[in-house]
Amino acid sequence: MLLLAAQSPHDAIPDVALGKRIFASQCAVCHGEGGTGGRGPALTHAKLAKAPDEESLRKAIAQGIPPEMPGAWQLSVREVASVAKYVQGLGTVLPEKLPGDARRGAQVFGAKGCGGCHLVDGVGTARGPELTAIGAKRNGAHLRTSVIAPASHLPEDYLMLEVTTAAGRTVRGVRAAEDPFSVQLRDAGGALHSFRKGELKQWRHLAGESSMPSFAKQLSAGELEDLVAYLAGLRGNQ
Amino acid sequence: MKHPVAVLFLAGAALQAQVPYERIVNGHKEPGNWLTYSGNYAGHRYSGLPELTPANVGNLRVKWAYQFDLNRVETSPIVDGGVMYISAPNKAAALDTKTGRAIWNWERPIPADYQSIGFGRVNRGPAILDDKLYVATLDCYLVALDLKTGQQRWAAKVEDYKPGYSMTLAPLAIKGKVLVGVSGGEAGIRGFVDAYDAATGKRVWRFYAIPGPGEPGNETWAGDSWKTGGASTWVTGAYDPELNIVYWGIGNPGPDWNGDSRKGDNLYTCSFVALDGETGKLKWHFQFTPHDTHDWDATHVPLLVDTEVRGRMRKLIVNPNRNAFYYALDRTSGEFLAGQAYAKQTWAKGLDDKGRPILIPGMEPSEEGVLVWPSLNGATVWFSPSYSPQTKLVYVATREVGSTYFKREAQYKPGTFFAGGGETRIPEKEQWGAIRALEVASGKLAWEFRLVSPPWSGILSTAGGLVFSGSNEGNIFALDAKTGKPLWDFQGGGAVMANPISFAIEGKQHVAVAAGRTLYVFGQ
């Protein structure tokens, strides 16, 4: 009976709500509630490095990823598929209907010089965050706010710094790396600066600051919506 | 007819137990070796070598390095007679300290169906006694190896790994016995501390960290919850040879974040226990976190310190705990003497006069989530603190992280997670850490050295007035033991998730610690 039941087509249909429940009780221990990471890696990415598609994700859940991640041998095929479906949704914003026109938005992107700081599909200047797959990570509302008030939605690893050298020179920029003894940052021109903290007069984290200006006054309401639609459509390299 | 060579050989074997117990007890007389996990039985991770000082530590250079074929090295080496003994999951090796070259290697296959439930595949170090090296394996065997060749003398099955028992700790070798504890606190195990005959591998005693029916303390578990209550014992304990008492830290109760099925204090989880070294019988216990629901194991190396408290010499056991409070107890009785928070915590108003936390209501995990400091990894965790008898300071790598704790259903199935929830940590940018120096009798902060992220490294203090530790960013560094001033650092290229040691090579002081997959040995 059990074998027959397991083979019925219904049992292969994943149930995201079930997947969420199983994830919370079995997976969140390491991957964090909502897959935000912990002992194990964060799963809130559009594509997971070790399980980039649904099939490999199901396999990873069922068999584990040696040496650290145990396999969930206790789960049924349907339960595994359900967890996979839930995990896939964690890092991916589903396409949504937006009022703007993406093609016009691409022109706005070019005209306003966004490529002077952002890379899209390998084109542009790699200074700020890459936008090639930004639409799979951020929804329209988030993107709209980011264009108008960039500091309100800073990426997790983004931090501005200001250092003052022993000679009194001040350098501001985006943190490239920091440890207890040294700090590396890129200034507005993209130049890398590396300092030993012990040799500085001071260094400050400028939490909540962004090097990107607000585009609120440079865009009409229509241009903003078009730009948002364009960004939302950027869903990654093929 | 007796063969003269055989007679000689036998006589030699009897005389030449390389590391008799007495040498470990008197280890302070030979600081050039490192004979037990924490350097001494008192858990101090303190080196009596005075050569490296604030004035010359800047001269430290890499003398040699050893690369493991795994990404995370947590081993704390043993050093004796010009040989360094190291371990990895189901592996051990002996290295020539002059050159770093491996003299022998030992490996035991990890069964294909073995799973680490709730922790990494790591090993924290070997133990040495007489003519053997002792290694605890992931698949829950205690193995004795010949010191000279690495060949196996015996292997004792400690428990069945399939329901979730495992071992990652360095064994503790005392007189004639080798002690181990188990991992598996997220898999519904029933934890214990075991002692094995060092010569034969026969089990001498077992102390169950959860009392069985009819035993005192079993009433602190609702229903049958004691059977799957966790209480792992996964970090090496300390030992007082004069009192012949073993001190061991006990892990969290299970399911971790859902305490509904295990109403009560859940003894002896989140406690220190004092065990008779001869029999394993409980002398006393002290519970830091009664009915824990935040995974705050008390699996720490206890620090045994004799010092004056309020005008009277006391035999103390002290501990900066995962729950963010520092505790000083009398180690003959378990009496609470002093305690205070040493890191940010939002779950207790303080400690009462018996050392029991005065809870702030509403800080237990919930369906919607509750933000609490510290995170489930605690204000500190398995990596070793250090005590310097020179400065009378306790050094602890401290994690400043808060988490939103969630409560979920938990159903026990052997060999699977029995956790009942999880956490979401505050954003990485808001997390930080520090090396803190605390006054031994009170836990009062003497100084701190700030780290950019919450550390995973243990601490070594030395007679030259130095404190060594590491960072997640790969820095291996030395601070002034009195002030915390940074004096030397080296970029090791991988996170430091290991305990440093110090020893001598041909009479010169060296320091060893792992970063990433590499064990570094530094000297002048």
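Trainee: Where is A231(B) found?

Mentor: In this predicted model, A231(B) sits in the loop between strand 14 (203–208) and strand 15 of chain B.

Trainee: What makes A231(B) count as buried?

Mentor: Set the count against the cut-off. A residue is buried if 20 or more other C-beta atoms lie within 10 Å of its own. A231(B) has 31 C-beta neighbours inside 10 Å, so it counts as buried.

Trainee: What is the phi of A231(B)?

Mentor: Phi of A231(B) is positive, about 60°, and the residue is not a glycine. Most residues other than glycine have a negative phi.

Trainee: Which value does phi take at R45(B)?

Mentor: Phi of R45(B) is near 45°, again a positive value in a residue other than glycine. R45(B) lies in the loop between helix 2 (21–25) and strand 1 (46–47) of chain B.

Trainee: Why is P241(B) called partly exposed?

Mentor: The class lies between exposed, at 12 or fewer, and buried, at 20 or more. P241(B) has 16 other C-beta atoms within 10 Å, so it is partly exposed. P241(B) is in the loop between strand 15 (238–240) and strand 16 (245–249) of chain B. Leaving aside residues up to four places away in sequence, P241(B) touches V25(B) and Y41(B).

Trainee: Which peptide bonds of chain B are cis, with omega about -5°?

Mentor: One joins G254(B) and P255(B), with omega about -5°. Another joins W373(B) and P374(B), also with omega about -5°. P255(B) lies in the loop between strand 16 and strand 17 (271–276). P374(B) is in the loop between strand 25 (370–372) and strand 26 (386–388). Most peptide bonds are trans.

Trainee: On to chain A. How do you know that the buried residues of helix 5 line one face?

Mentor: The buried residues of helix 5 (residues 102–111) of chain A are G105(A), V108(A) and F109(A). Seen down the axis of helix 5 of chain A, they fall within an arc of 100°, so they line one face of the helix. These buried residues pack against helix 8 (221–232) of chain A. On the other side of helix 5 of chain A, R103(A), G110(A) and A111(A) are exposed.

Trainee: What follows just after helix 5 of chain A?

Mentor: G113(A) takes a positive phi of about 75° there.

Trainee: Which residues of helix 3 of chain A meet helix 4 of chain A?

Mentor: Among them are L57(A), R58(A) and I61(A) in helix 3 of chain A. Their partners in helix 4 of chain A include V80(A), A84(A) and V87(A).

Trainee: How confident is the predictor in chain B?

Mentor: The mean pLDDT of chain B is 95, and 97% of its residues reach 70 or more. Over residues 4–14 of chain B, the pLDDT is below 50. Beyond near neighbours in sequence, that stretch has 1 contact in the model. Where pLDDT is low, the predicted coordinates should not be read in detail. For the complex, the predictor gives an ipTM of 0.87 and a pTM of 0.90.

Definitions and conventions: Residues are numbered from 1 along each chain as its sequence is written. Chains are lettered from A and ligands numbered from 1 in the order in which they are written. This is a predicted model: local features need pLDDT of at least 70, side-chain atom pairs count only at pLDDT 80 or more; totals for chains, interfaces and linings use all residues. Helices (H or I, at least four residues) and strands (E, at least two) are DSSP runs, numbered from the N terminus. Two residues are in contact if their C-beta atoms, placed from the backbone, lie within 7 Å. The arc is that of the directions from the helix axis to the C-beta atoms. pLDDT is the predictor's confidence in each residue, from 0 to 100.
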